[in-house]
Amino acid sequence: MTCLKILVSALLAVHFHFVFAQTLVDDANVVSGGSQENVFTETIKIISGSKKIFILTNNNQQLSPGDFISLALENNLAARAVVAKVHQGQVGIKVLKIYSLAQWGRLRRNLEVQVVRGDDASFAKKPEPKATDATAPKIRSEDDLYTGDVVVDDDVGIFDENKNRHIKPDNVVAITGSFFDAAEIKSKGGAVRANEFGLSWAYQFADNYFVEALYGRALLDNFPVDSSQTLVNRLTARIKFNIKGPLYTFFMPYVGFQSFTVSSPDAGTGANQLTNEEELDAVDKLKKTGPVFGVTALRRLVPGWFIKADIGTDLINVGFAIEF
């Protein structure tokens, strides 16, 4: 009986030895990046205009903020990145460096890519990096996504054209609102006010230089007389220069030219000839054209979104803008 107990104890000891030894080896492989558990497939959903920020799916639920990852195609590494945020089944990443321009050029929206989480040394042979993950700048909050402190290698020419820009993407589209005032006919006096809704598109044709087109629409009730309506359309073209301010603000002095088109079918159709002339004069005063100047202010809310305000000789408005 004693021999049997000793034999059982020995077998159990050997069994646990192999079990724990195998567990330690597996854990070491996971940490070193050698395990295939650290390589999985996700889909690219959005690529920013500067191609520094990507939105990927997180279907495997393996990515967390602060994780260093690599993107690869067909077992060939393309770029090194860091996970900045995880939200509703998707992750936002920022590129730190590029391994292969050939692979990098193949990245596009709705493309499935291999994601290597952690150390990628054992995944594939790659060029010697200029900086290790330990020395590369890290993203500690969402603000770092647009501070410009974390950038790709300087020798990657694809990004050189954007390094002097305060706003990296080429396009800024905005929706705005303001008030439009019109003087009534002399016999009535006073003024009529309406809400004017505007849509603008600014294109960055050179570093920090924008050309912008703006359309505004205002519908005046009871103008120029009661029970009538007047539609005013504003078209404006501007040239702007972008100046970076504090606390994620930007100021864009501008010069431009604006023109109004006015539609008032009921103006001048009454029985009183004198009143008709006053109505037509009031409408004609709205059909003005000429140069404009002022300044646009942008305040960044989150990456890609701004509060926008225009203060100038043409109008004063406020709204929201998005860059892409």
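Trainee: What makes Arg-193 count as lying over the face of Phe-179?

Mentor: In this predicted model, Arg-193 is 4.6 Å from the ring centre of Phe-179. The distance limit for a charge over a ring is 6 Å, together with an angle within 35 degrees of the ring normal. Arg-193 is listed as lying over the face of that ring.

Trainee: And which residue lies over the face of Tyr-254?

Mentor: That one is Arg-238, at 4.1 Å from the ring centre.

Trainee: Nice. Now to ring against ring: why is the pair of Tyr-209 and Phe-241 called tilted?

Mentor: Their centres are 4.9 Å apart, and rings pair if their centres lie within 6.5 Å. Their planes stand at 55 degrees; stacked needs under 30 degrees and edge-to-face over 60, so what remains is tilted.

Trainee: How do you know that this pair links distant parts of the chain?

Mentor: Tyr-209 belongs to strand β9 (residues 209-221) and Phe-241 to strand β10 (residues 229-241), and the two are 32 residues apart.

Trainee: Which residues are in the cluster linked by ring pairs?

Mentor: Phe-205, Tyr-209 and Phe-241. The structure holds five aromatic pairs. One of them joins Phe-205 to Tyr-209, a tilted pair at 6.3 Å centre to centre with 45 degrees between the planes.

Trainee: Why does Phe-205 count as partly exposed?

Mentor: Its relative accessibility is 47%. Buried means under 20% and exposed over 50%, so a value in between is partly exposed. Tyr-209, at 39%, counts as partly exposed too, and so does Phe-241, at 33%.

Conventions
Residues are numbered from 1 along each chain as its sequence is written. This is a predicted model: local features need pLDDT of at least 70, side-chain atom pairs count only at pLDDT 80 or more; totals for chains, interfaces and linings use all residues. Side-chain values use heavy atoms; hydrogens and water are left out. Rings of Phe, Tyr and Trp (its six-membered ring) pair if their centres lie within 6.5 Å; planes under 30 degrees apart count as stacked, over 60 as edge-to-face and the rest as tilted. Buried means under 20% relative accessible area, exposed over 50%, partly exposed in between (1.4 Å probe, protein chains only). Helices (H or I, at least four residues) and strands (E, at least two) are DSSP runs, numbered from the N terminus.
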